[in-house]
Amino acid sequence: MLTMNPSDLLSSHFRIDVEHQKALKRLGIATIGDLLYHLPVRYDDINDTQSVVGLQKGSEAIIYGQIGGLKARKAWKSRRPIAEGWVEDGTARIKVMWFNQPYLAKMLHDGMYVKLTGKVTGSEGKLYIANPETEQLDALPISTNDSIFKAHSDTDTAIYPVYRETKGVTSKWFYHTIMKCFEKGVLDSIDDPIPEAILKRYTLPQLSTALQWVHTPQKATHTESARKRFAFEEVFYIQVQKAKERAEVSAASFYQFNTDKKHLDAFTERFPFPLTAAQKKAIDAILKDFDGNHAMSRLLEGDVGSGKTAVAATTAYAVATSRPPEGLGKKIEFGNLQVAYMAPTEILAKQHFESFITYFKHLPISIGLITGSGCMKFPSKTNPDKPTSLSKAQLLKWVKNGEIPILIGTHALIYKSVTFKHLAHVIIDEQHRFGTNQRKALAKKDERMPHLLSMTATPIPRTLALTMYGDLDITLLDEMPKGRKPIVTQIVGKGDEAPMYEHVREQLQEGRQAYVICPRIEEPDPDKETALMQKSVIAEAARLKKEVFPEYRIGILHGKMKPSEKDAVMLQFLEHHIDILVATSVVEVGVNVPNATNIIIEGAERFGLSQLHQLRGRVVRSTHQAYCFAVTGSKSEKTRERLKALANAKNGFELAEYDLQFRGTGELYGMKQSGLSDLGMEALRNLKLVEAARTEAQTLVQKDPDLRAHPLIAQKATLLRDTLHME
Ligand code: ADP
Ligand code: MG
């Protein structure tokens with residue numbers, strides 16, 4: 001018999017038709033190994049299941065089957081609504097009736113897989129199940145006749161795995177194909193990449209055992225132990241990759257320089273505000289890194305409005321006033337160290353450029369701006385208080401020879417034509433908006449490794465930060481500048497919007513502006529989702545114009561617009577040619593429109609709390625009182641409670657932790673596209689597991705930086721480098 005290896009293509013062992021091929025491709029399954037790692041999404045207990053054919057009057061039945069023949073009608077005498085149909089399980093079919101539940105008829109449809117629990121009534125030959133509890137399933141269980149699920153003893157449970165399906169491939173297919181792989185002895189050819197000592201420390205099963213347990217559990221503890229192992233393993237491989245990246249940065253040559261504290265105070269004392277303690281701490285940490293023994297890799301996390309730009313400006317000042325070190329075979333010439341500051345949009349880059357001008361205008365330090373639509377420089381030769389436009393060639397010449405120490409820009413900064421003399425510091429704003437490769441491309445612009453400062457307003461829980469940003473040191477700006485009026489957040493029930501609209505109207509009359517965010521629409525197909533969102537934005541804008549705010553200028557923003565169109569609309573809003581901006585939740589974050597102080601979020605229950613917090617962050621940028629209205633049609637007490645947390649939480653981190661504990665990682669920003677498996681995400685709820693995996697990974701990489709003794713781990717980690725991202 002042909003031996004089977006995990007790296008073999010599925011198609012070299014199984015005949016796979018076109019439908020299956022397509023479906024498997026969608027799920028990213030090509031090899032036997034991929035298939036074995038398609039883990040069950042859940043397990044069902046089938047001990048109490050009956051076959052339809054054996055049902056008797058009066059028995060309590062649990063049936064797994066497919067629904068058919070659905071119709072709704074009214075009872076002949078009482079006119080009560082009745083939904084009826086039948087359920088079929090492969091042995092027979094039986095009639096089902098639901099009384100007084102007209103909504104059920106709408107929810108159910110022919111062909112749907114269900115689990116029904118209810119009492120068998122009627123008379124012999126005319127049996128039916130009345131008002132069963134009806135649970136929709138995405139797949140039918142593997143047949144109860146499969147011997148593997150027969151209870152082996154009274155204490156064993158018969159549990160069967162249920163796999164994620166997609167059109168063209170069923171849960172059953174997965175089960176049976178995996179079974180065949182086991183029969184062909186694939187488990188014998190599986191090596192465990194994780195050292196035994198680590199497995200022992202956390203009592204985790206070997207890989208082949210874990211695979212067997214996860215796909216064919218004989219008892220509940222099997223599945224738990226196997227899932228724990230797979231969760232650990234995923235986080236461990238990520239941490240190994242992060243530790244390797246970290247080691248590479250540490251090994252690179254870098255710029256080391258010391259900045260005198262007094263020198264810096266002279267700069268920050270000119271700010272029109274005192275720095276918060278959190279800002280001071282962040283600046284201190286960064287200065288220490290500049291004078292440390294390897295290049296900095298630091299993430300600065302702070303809520304919108306926490307003052308990240310001032311921190312960036314201060315560190316830029318420290319760099320731009322430092323001399324390049326001697327050596328590297330270069331003659332020391334003209335010019336100081338340089339800074340590149342990258343922002344995700346043109347508007348943001350311009351805003352940073354303007355802020356920097358106010359911070360640096362008293363100093364002989366030039367600042368450049370490069371975006372897709374042109375270049376600027378401060379100061380202008382003719383007017384030292386003003387910036388001026390200039391050609392890209394001229395700007396790049398001055399950047400190259402070191403005359404311009406600070407260059408701010410969009411991703412235009414990454415272009416090959418942009419070269420620096422001594423790029424010592426790279427600052428990336430809203431870092432999740434850039435790909436890893438874009439961030440790296442900027443860092444590669446110098447033969448030494450520039451100090452990296454990534455900034456983000458996305459509040460994420462600690463476990464997630466440790467995992468996805470495991471290669472970075474993290475500094476929190478967890479304090480808002482003094483004097484900010486806290487935002488007033490109100491939960492508004494659907495149908496009770498009148499006072500809210502009245503309030504917003506008053507605000508608009510006073511000259512303020514408002515955002516209206518349309519509800520999130522969940523659609524498996526991203527293109528369809530964008531189209532639906534576009535439709536809802538256009539419809540809501542039309543409704544507001546017609547029914548609520550006919551006298552105001554309403555603009556729209558959604559994901560189907562081109563970046564240039566979006567920028568144009570944001571600019572119109574910024575310049576107050578638009579009063580109300582109706583938008584989807586995916587629109588530009590970070591743009592500062594200080595005059596927009598109201599935000600209405602429709603369908604608030606569909607968002608995670610941290611995302612709601614992100615959204616309302618757009619209106620807390622001014623000295624005017626800001627208002628957030630979370631509109632919800634949900635009557636659920638739980639939902640209301642959850643939304644209330646929004647009104648009470650101190651900062652975004654608290655809300656992110658709340659989301660993680662109460663709704664799972666799926667709610668967290670960017671997680672769905674992160675490349676983490678469901679189990680990996682689940683693991684992020686477990687701080688102990690994450691910390692253990694991190695410690696083990698760091699120890700391993702420290703001992704064996706090239707992973708010579710662990711080629712399988714190296715392989716897994718490299719794979720993750722290419723698939724895992726938080727953007
Ligand atoms: P973000 O962290 O969202 O990037 P910004 O850097 O844009 O925040 O700062 C938001 C606003 O707060 C700016 O107008 C800035 O001038 C102001 N600001 C920053 N630091 C302080 C401070 N310590 N005290 C008062 N205002 C501050
Ligand atoms: Mg910012």
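Trainee: Which residues of H22 are buried?
Mentor: Leu-689, Val-690, Ala-692, Ala-693, Arg-694, Glu-696, Ala-697, Leu-700 and Val-701 are the buried residues of H22. Keep in mind that this is a predicted model.

Trainee: What covers the buried residues of H22?
Mentor: The cover includes H5, helix H7 (220–251), helix H14 (462–468), helix H21 (678–683) and helix H23 (711–723).

Trainee: What end-to-end span should H22 have, and what does the model give?
Mentor: Helix H22 runs over residues 687–703, which is 17 residues. At 1.5 Å a residue it should span 24 Å, and its end C-alpha atoms are 24 Å apart, so the two agree.

Trainee: What about the start of H22? Which side chain reaches a backbone nitrogen there?
Mentor: Asn-686. One of its side-chain oxygens comes within 3.2 Å of the backbone nitrogen of Lys-688.

Trainee: Back to H7. At what angle do the axes of H7 and H22 cross?
Mentor: Roughly 45°, and the axes come within 8 Å. That angle makes H7 oblique to H22. The crossing is right-handed.

Trainee: Which residues make the contact?
Mentor: From H7, they include Phe-232, Val-235, Phe-236 and Val-240. From H22, they include Leu-689, Ala-693, Ala-697 and Val-701. Those four H22 residues are also among the buried ones.

Trainee: Staying on H7, is Lys-242 buried or exposed?
Mentor: Buried. Lys-242 sits in helix H7, and its relative accessible area is 13%. The cut-off for buried is under 20%, so Lys-242 qualifies.

Trainee: What does Lys-242 touch?
Mentor: Thr-467, Met-468, Gly-470 and Asp-471, leaving out residues up to four places away in sequence.

Trainee: And how far is Lys-242 from Gly-555?
Mentor: Their C-alpha atoms are separated by 43 Å. Along the chain, the two are 313 residues apart.

Trainee: New topic. Where is Asp-192?
Mentor: In the loop between helix H4 (171–183) and helix H5 (196–201). Asp-192 counts as buried, at 18% relative accessibility.

Trainee: Which polar partners does the Asp-192 side chain have?
Mentor: One is Arg-229: a polar contact of 2.6 Å joins the two side chains. Another is the backbone nitrogen of Leu-207, 2.8 Å from a polar atom of the Asp-192 side chain.

Trainee: Which residues does Asp-192 touch overall?
Mentor: Leu-199, Gln-206, Leu-207 and Arg-229, not counting residues up to four places away in sequence.

Trainee: How about Asp-191: buried or exposed?
Mentor: Exposed, with a relative accessible area of 56%. Asp-191 also lies in the loop between H4 and H5. Leaving aside its neighbours within four places in sequence, Asp-191 is in contact with Leu-207 and Leu-712. Leu-207 is a contact of Asp-192 too.

Trainee: How far is Asp-191 from His-20?
Mentor: Their C-alpha atoms are 28 Å apart. The sequence gap is 171 residues.

Trainee: Let's switch to H10 and H11. How do they pack?
Mentor: Helix H10 covers residues 308–320 and helix H11 covers 346–360. They pack at about 55°, with axes 11 Å apart. H10 and H11 are therefore oblique to each other. Their crossing is right-handed.

Trainee: Which residues meet there?
Mentor: Thr-309, Ala-310, Ala-312, Ala-313, Ala-316 and Tyr-317 in H10. From H11, they meet His-352, Ser-355, Phe-356, Tyr-359 and Phe-360.

Trainee: One more helix, H15. What covers its buried residues?
Mentor: The cover includes strands S17 (488–493), S18 (513–517), S20 (580–583), S21 (596–601) and S22 (627–632), along with helix H16 (526–548). The buried residues of H15 are Met-500, Tyr-501, His-503, Val-504, Arg-505, Gln-507 and Leu-508.

Trainee: What happens just after H15?
Mentor: Gly-511 takes a positive phi of about 100°.

Trainee: Last bit, the whole chain. How many helices and strands?
Mentor: 23 helices and 22 strands. Of the 727 residues, 53% are buried. The C-alpha atoms fill a box of roughly 100 × 70 × 45 Å along the principal axes.

How values were computed: Residues are numbered from 1 along each chain as its sequence is written. Chains are lettered from A and ligands numbered from 1 in the order in which they are written. This is a predicted model: local features need pLDDT of at least 70, side-chain atom pairs count only at pLDDT 80 or more; totals for chains, interfaces and linings use all residues. Side-chain values use heavy atoms; hydrogens and water are left out. Helices (H or I, at least four residues) and strands (E, at least two) are DSSP runs, numbered from the N terminus. Buried means under 20% relative accessible area, exposed over 50%, partly exposed in between (1.4 Å probe, protein chains only). A polar contact is a pair of N or O atoms within 3.5 Å; within protein, one must be able to donate a hydrogen and the other to accept it, and residues adjacent in sequence count only if both atoms are side-chain atoms. Contact means heavy atoms within 4.5 Å. The expected span of a helix is 1.5 Å times one less than its number of residues. Axes are lines fitted to C-alpha atoms, for helices over the stretch in contact, and angles run from 0 to 180 degrees between N-to-C directions. Angles under 35 degrees count as roughly parallel, over 145 as roughly antiparallel, 65 to 115 as roughly perpendicular and the rest as oblique. A crossing is left-handed if the near helix is turned anticlockwise from the far one by less than a right angle, and right-handed if clockwise.
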